[in-house]
Amino acid sequence: MRTQVGIIGAGPSGLLLSQWLHLHGIESVILENRTREYCENRIRAGVLEHDVADLLVHLGAGERMKREGLVHSGIYLRFRGRDHRIDFANLTGGKTITVYSQHDIVKDLIAARLQAGGKLFFEVQDVSVHGLDSSQPSIRYTRNGRPEQLECDFIAGCDGFHGVSRPSIPAGVLKTHENVYPYAWLGILAQVAPSCDELVYASHERGFALLSMRTPQISRLYLQCAPDEDLNAWSDERIWKELQLRCATHGDWTLKEGPVLQKGITAMRSFLVEPMQYGRLFLLGDAAHIVPPTGAKGLNLAAADVHVLVRALEAFYKHGRQDLLARYSEVCLRRIWKAQRFSWWMTTTLHRSPEGDFVNQIHLADLDYVTSSRAASTALAENYVGLPYD
Ligand code: APR
Ligand code: PHB
């Protein structure tokens, strides 16, 4: 089989890329090693930057998001028992965020790809990449027990943090940057209406807590915990009790409780490699970078990589230009480092640090400053709704 762009992975990166290339008349094939059901039901974050929500509409995959997504024009920072609202719309000239589950985005994009006749193969095995430094790279894989080969002009490694693309780049080419945090998140999905109209990021001496949501009936809540926390030690009752303590306010606000539908631990790390390309292989999304979840940048960063690669491929196929492809990594990384900085800042500022009281007081002072200075609030708001693509 032959295609223009061979895409490994049917997560948000691979699906957005394939659908966007299709709008530009560029052909692609997606190879995914999991089942369609697995991809469509993997629970991840669910906050879209302003331009990413617009992108889904532009790609013809935004109808359900427009109907069911929750548009928020701010967030609350809660500390010392009081709420401080960061008014995104007011601070950024009308920009908002949309709360809509990542697995619903994946479902909508898969449906859009299939409806447009896209080639999308699930449950392929033994994926490997070849000829990366030639002009005709290829992907070998097994499908229904038979070995197959996909000849391509380019390969997009959209196969997440544990995929095969990044490790296929020869040793010595990539420089890795990494930061591991001394805490993790214990997250639950609960069948109860959100207790607040917008997301609440709560800093408390017992640790950070986040009140988020999926729908008007389903809440998503998180607690800072130890990186090696034993989930079995957390009964539903203990989780609610801890959330109540960390989210308590001086006002008459109450946290509504309900049946816990799902619980899990999310690790926290910052990771990126540079460059994000080697020969005709380009890395996108989690294959190239991971951010801690505070600030919800993961999916949004993937969309930004897709934006840069689509423009570069369009310039190549329409005008024979190679310069944008050559600069792919450089252009992506400039914005990614800013998102890394923001995710690191949100994480360290809001979590209780084991470094001790001095550091925790500095973080509280930071929160005081951010919520009392229009300039500092604007900086947070601009980063949260999404920095402009270059
Ligand atoms: N062969 C084929 N497919 C693979 C392979 C492989 N060897 N390894 C992994 N995959 C698939 C995975 O099964 C998954 O469906 O690649 C896909 C990668 O998807 P994601 O991990 O969701 O990564 P990405 O598309 O870059 O999305 C980034 O997802 O992890 C979140 O926080 C992250 O929200 C961000 C977004
Ligand atoms: C989520 O709803 O899962 C979520 C929201 C905001 C974050 C992280 C995760 O910063």
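The shell around ligand 2, formed by residues with a heavy atom within 4 Å of the ligand, comprises nine nonpolar, three polar and two charged residues. In this classification Ala, Val, Leu, Ile, Met, Phe, Trp, Tyr, Cys and Pro count as nonpolar, Asp, Glu, Lys and Arg as charged, and the others, Gly among them, as polar. The structure is a predicted model, in which local features require pLDDT of at least 70 and side-chain atom pairs pLDDT 80 or more, whereas totals for chains, interfaces and linings use all residues; side-chain values rest on heavy atoms, without hydrogens and water. Residues are numbered from 1 along each chain as its sequence is written, while chains are lettered from A and ligands numbered from 1 in the order in which they are written.

Ligand 2 is surrounded by 14 residues, of which Y201, S212, R214, Y222 and G295 are the closest. Polar contacts are pairs of N or O atoms within 3.5 Å. A polar side-chain atom of Y201 is placed 2.6 Å from an oxygen atom of ligand 2, and the corresponding distance for R214 is 2.8 Å. The side chain of Y222 has an N or O atom 2.6 Å from an oxygen atom of this ligand. On its own, ligand 2 has 280 Å² of accessible area, and the protein covers 100% of it; areas were computed by the Shrake-Rupley method with a 1.4 Å probe. Two or more residues of the shell come from each of β16 (209-213) and β17 (219-225).

Around ligand 1 there are 24 residues, the closest being S13, E32, R44, Q102 and D286. Polar side-chain atoms lie 2.6 Å from an oxygen atom of ligand 1 in S13 and in E32. For D286, a side-chain N or O atom is likewise 2.6 Å from an oxygen atom of the ligand. Of the 710 Å² that ligand 1 exposes when taken alone, the protein buries 89%. The elements contributing two or more residues to this shell are α1 (12-23) and α8 (298-319). By class, the shell around ligand 1 holds nine nonpolar, nine polar and six charged residues.

As regards the overall fold, the protein contains 12 helices and 22 strands, assigned as DSSP runs (helices H or I, at least four residues; strands E, at least two). The C-alpha trace spans about 65 × 40 × 40 Å along its principal axes. Of the 390 residues, 56% are buried, that is, under 20% relative accessible area.

Methods: Polar contact = N/O pair within 3.5 Å; in protein donor to acceptor, adjacent residues only side chain to side chain. Buried < 20%, exposed > 50% of the residue type's maximum accessible area, 1.4 Å probe, protein only.
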